[in-house]
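Please read this report alongside the sequence and the model. Headings divide it by topic.

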There are 2 protein chains.
Amino acid sequence: MKLITKILDIAKRGVLLNRLDARILGVLDGDRVQVINPQNGVSVTAFVDTTTTIAGQGTVGLYRITNERLNLADGAGIEVREAGRPASLDFIKKKMDGGRLSKDETLTIIKDVVNDDISPAELTAFITASYINPLDMDEVEHLTRAMVETGEQIKFASHPIVDKHSIGGVPGNKISLLVVPIIAASGLKIPKTSSRAITGAGGTADLMEVLAGVEFSAGEVQQMTEKIGGVIVWGGATNIAPADDRIIIQEYPFKIDARGQMLASVMAKKYAVGANLVVIDIPVGLHTKVPSMQDGRKLAREFIELGDRLNIKVECALTYGDIPVGHSIGPNLEVQEALRVLEGSPEPNSFIQKSISLAGIALEMSGKAARDTGAQLAQEILTKGKALEKFREIIAIQGGDPNVKSDDIHPGDHEFVVNAPVSGYVIEMNNTSLITLARLAGAPHDRGAGILLHAKKGKLIRAGEPLFTVYAERSWRLQKAIEEGRRLMPVVVEGMLLGRVPSINGI
Amino acid sequence: MKLITKILDIAKRGVLLNRLDARILGVLDGDRVQVINPQNGVSVTAFVDTTTTIAGQGTVGLYRITNERLNLADGAGIEVREAGRPASLDFIKKKMDGGRLSKDETLTIIKDVVNDDISPAELTAFITASYINPLDMDEVEHLTRAMVETGEQIKFASHPIVDKHSIGGVPGNKISLLVVPIIAASGLKIPKTSSRAITGAGGTADLMEVLAGVEFSAGEVQQMTEKIGGVIVWGGATNIAPADDRIIIQEYPFKIDARGQMLASVMAKKYAVGANLVVIDIPVGLHTKVPSMQDGRKLAREFIELGDRLNIKVECALTYGDIPVGHSIGPNLEVQEALRVLEGSPEPNSFIQKSISLAGIALEMSGKAARDTGAQLAQEILTKGKALEKFREIIAIQGGDPNVKSDDIHPGDHEFVVNAPVSGYVIEMNNTSLITLARLAGAPHDRGAGILLHAKKGKLIRAGEPLFTVYAERSWRLQKAIEEGRRLMPVVVEGMLLGRVPSINGI
């Protein structure tokens, strides 16, 4: 059916058909159509909404993201057809029925994900099926390669190329801000792509954005890395393994990280940037994604096996994930803490030790340091100011101010100090509650929002001394965080009343 | 956040926020918000799209289906808030992890489904999880009761109330058009709610709509049934077990009918209309939903057990489902065939025998007929014209013309006769291909579209004699059906070439 385009500024995918045109085409709300730009032959799949007024008969509304690929102007002619049923749906059904997916079947699904030929609900069925009927290592390899093939790839002329990844779950885990400059300062290349926070209080990309731009193409990432040895950018802007973002969005409501998808997601990004030496940080702890050492070791073995299949040398570090890394949670606070360490501060120890340990593993893998001397070399690079110097180069090449100092970065203007209600040892810090609190205060969107911890687990504190401070950029957000904070109890001091059961009369 | 309403005539759920307002609220595209009508306090959940132009800052676009519940006018004040995470998501996750859902958990999920508090993708996760980790009978009962409770219910003053259901999969299964008038003519009450075709060429509601209105409220269904003994209406208009439609839409892409959801779906609708005697038609055959007698018997036992739990007496009929019922597929053709039988035609035998067998079971269950005499009584009611008389009353009360005759109903003007390419017996009829062909020709939307079978399985036919005719209302649809029909081979005559493998040179 030939129709006239009406561009609709709605940031989503799809078309808006007049109800009568939809009837003639034989499609209902939610059905799939093929939309073709007759000028250049570009054809995309779109899901149908209907109207009786916004698009008159003979006109079709095109939502913005769908038109990004078609590139039609208001009033242009367009062809809309009934779309066939994508083969992917049969392969997803196969996985629902407990079948194993072949390389081609997996590639077909991932192509359809990237081209929006299947709906978010259909993708969710694939994820749910893979979560319940786990992918075996062959299927994970297929998925990894399919994710790589459906996006851009970087091919460096010389190797080694180092990369680092943390599987997350620990608040305040700003270590990439130290690890990347240390590794680049050693003379190695590390083209680090990071994510923005989805469930957390600040992803590495959110942190870096406090200091510089993070949105670069794959080609720019390569050029910058060739030039100065490292970058810290947002992976979402590179079009590297673009299927991954779509998958993560659908996993978000259920707070799941389906094992096969997670392995493939991490390794596809490493493979696509051309890395051949990869260090993976697996935080282990009750409130992280990996509750026990046993689970951590199993996951580590899987990463290493998948690396073998991809010709990537992988080492994993199981790290202590029960409590936050360092004292700060939230973009500005974390960046300030990282800059202080780069500038020479010997604290916080947990943050420095974790960073140099992970950087050290990469230095040993690459041969820059002999076995068991990597952390020491990393410490030297840090102490001598070489990491700070390299970090300034990275900030500069990403368009930020290389002369920025830790004192230039400030948390939000609104703050609330939580004091210890009793004297005693800090006996528990709940990662999940701390993240929730930081998010309620506005992080990561409000960069000044977050939490500064004054006492960490094991410290003796007196009644009335500050336990932690909540920062926010807007007073109503601070208010909301304070209200919820009473219920969340993110930091527990021994002797604190955990709850109170009222007498019958009190109910 | 207080905003001004802008009604957007888009037939879907959701709100369109200005990007700046979305940032201030801290929500992203696809996030959930709470939308409140401050006039009456009505609050609904909606998913967010964003724009920079269609809704200016301070304004929020309200899509039509979301506004059906809020009932706001253009320019009215509205309150939009960040929405919490529904508890349903944890319960769905529990099912993904293989857990068993309690009564309350199930009710929470189904309430959220009906109130649109969870997205289509989240509902798909629930369905996929229940498909892979099947619901046990307790969970099915919980689901059934939850579906009933979240919709309208009919309470008849006196019983028995009879109902009939076919689990589908067989084309041409127009038997309700005979069964309902036969049962109502016997003096029993049968408030039959039916579905429209989703994957088929015509649901009973699509068929009845050829003759009369089918959209009535639950109250109207009750009144009409009290008055004349029976109705044949579209269940979707009654708000009886409304969760079911949402579930079926999400199952459609994968052509699945998750067992637990299917049992609950059927029985919830029977329970909600107050039925206490139910006959269930389970067509068994290679191209139906139930491939073997063993599967059929298992499903029958489950229906009966679920009925026991709900105080509904259930009997199941395993019927021959390998080939279509009668000779016609598609709304007008099927209605014409049913009217002819009601008017006295002794053919087609398959259609008449199946109808009187099922009606007979209900007559026996109710005590109207002694054991093994139900079919005979049903046949008498049909032969004596009492069923036709009752059907005319049903047509009249539903607003149609009670004097309609079979000759008044016509298939589409465009037809194509497929002749037997060779002489031989008809050895195969493929239900799936026949349905696909009828849908390609325009059924069920184009009521005149469909297929008339001139020879059924087992009949000897000569080369050149008509095998079947395809009807359509529009020539381009007929063309499309003919093109695809060559590939589909819906009817096979012994001796027909099924395919041809070319020589290597021919590739």
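The sections below go from the model and its confidence to the pairing of the chains, the cores and selected local features.

## Model and confidence

This is a predicted model, in which local features need pLDDT of at least 70 and side-chain atom pairs count only at pLDDT 80 or more, while totals for chains, interfaces and linings use all residues. Residues are numbered from 1 along each chain as its sequence is written, and chains are lettered from A and ligands numbered from 1 in the order in which they are written.

The average pLDDT (the predictor's confidence in each residue, from 0 to 100) is 92 for chain A, where 98% of the residues score at least 70. For the complex, the predictor gives an ipTM of 0.87 and a pTM of 0.88.

The same surface serves both copies, since 100% of the contact residues of chain A recur in chain B.

## Interface between the chains

Contacts (C-beta atoms, placed from the backbone, within 7 Å) link 36 residues of chain A with 36 residues of chain B. On the chain A side, the elements that give two or more residues are strand 4 (43-51), helix 3 (88-96), helix 5 (120-132) and helix 10 (243-251); helices (H or I, at least four residues) and strands (E, at least two) are DSSP runs numbered from the N terminus. Helix 5 of chain A supplies the largest share of this side, 9 residues.

By residue class, the side of chain A that touches chain B divides into 18 nonpolar, 11 polar and 7 charged residues. Here Ala, Val, Leu, Ile, Met, Phe, Trp, Tyr, Cys and Pro count as nonpolar, Asp, Glu, Lys and Arg as charged, and the others, Gly among them, as polar.

## Domains of chain A

The assignment for chain A, whose bounds come from an automatic or database domain assignment, gives domain 1 (2-82), domain 2 (88-133), domain 3 (162-238 + 262-406) and domain 4 (414-493). The centres of domain 1 and domain 3 of chain A, taken over C-alpha atoms, are separated by 44 Å.

A nonpolar core is a set of buried Ala, Val, Leu, Ile, Met, Phe, Trp, Tyr and Cys residues joined through C-beta atoms within 7 Å. A residue is buried if 20 or more other C-beta atoms, placed from the backbone, lie within 10 Å of its own, exposed if 12 or fewer, and partly exposed in between. The largest core has 213 residues, of which A:Leu178, A:Ile182, A:Ile183, B:Leu178, B:Ile182 and B:Ile183 touch the most other members. Leaving aside residues up to four places away in sequence, B:Ile183 touches B:Val162, B:Leu188, B:Ile190, B:Gly230, B:Ala359 and B:Ala362. Another core, of 44 residues, lies apart from the largest one and includes A:Leu62, B:Leu17, B:Ala55 and B:Ile78.

Helix 7 (residues 176-185) of chain A is mostly covered, with 10 of its 10 residues buried, including A:Leu178, A:Ile182 and A:Ile183. This helix is followed by A:Gly187, which has a positive phi near 105 degrees.

## Two sites in chain A

A:Gly296 belongs to helix 12 (residues 293-309) of chain A and is buried, with 23 other C-beta atoms within 10 Å. Not counting residues up to four places away in sequence, A:Gly296 touches A:Ile282, A:Val284, A:Val290 and A:Leu318.

A:Leu460, in strand 16 (residues 460-461) of chain A, is partly exposed, with 13 other C-beta atoms within 10 Å. The C-alpha atoms of A:Leu460 and A:Val493 are 8.7 Å apart, while 33 residues separate the two along the chain.

## Backbone exceptions

Most residues other than glycine have a negative phi, and most peptide bonds are trans. A:Asp116, which is not a glycine, has a positive phi of about 60 degrees; A:Asp116 is found in the loop between helix 4 (103-114) and helix 5 of chain A and counts as buried, with 20 C-beta neighbours inside 10 Å. A:Asp372 has a positive phi near 70 degrees and is placed in the loop between helix 14 and helix 15 (374-383) of chain A, where A:Asp372 counts as exposed, with 9 C-beta neighbours inside 10 Å.

The peptide bond from A:Glu347 to A:Pro348 is cis, with omega near -5 degrees, and A:Pro348 lies in the loop between helix 13 (331-342) and helix 14 (349-366) of chain A. In chain B, a cis peptide bond with omega of about 5 degrees joins B:His159 and B:Pro160.
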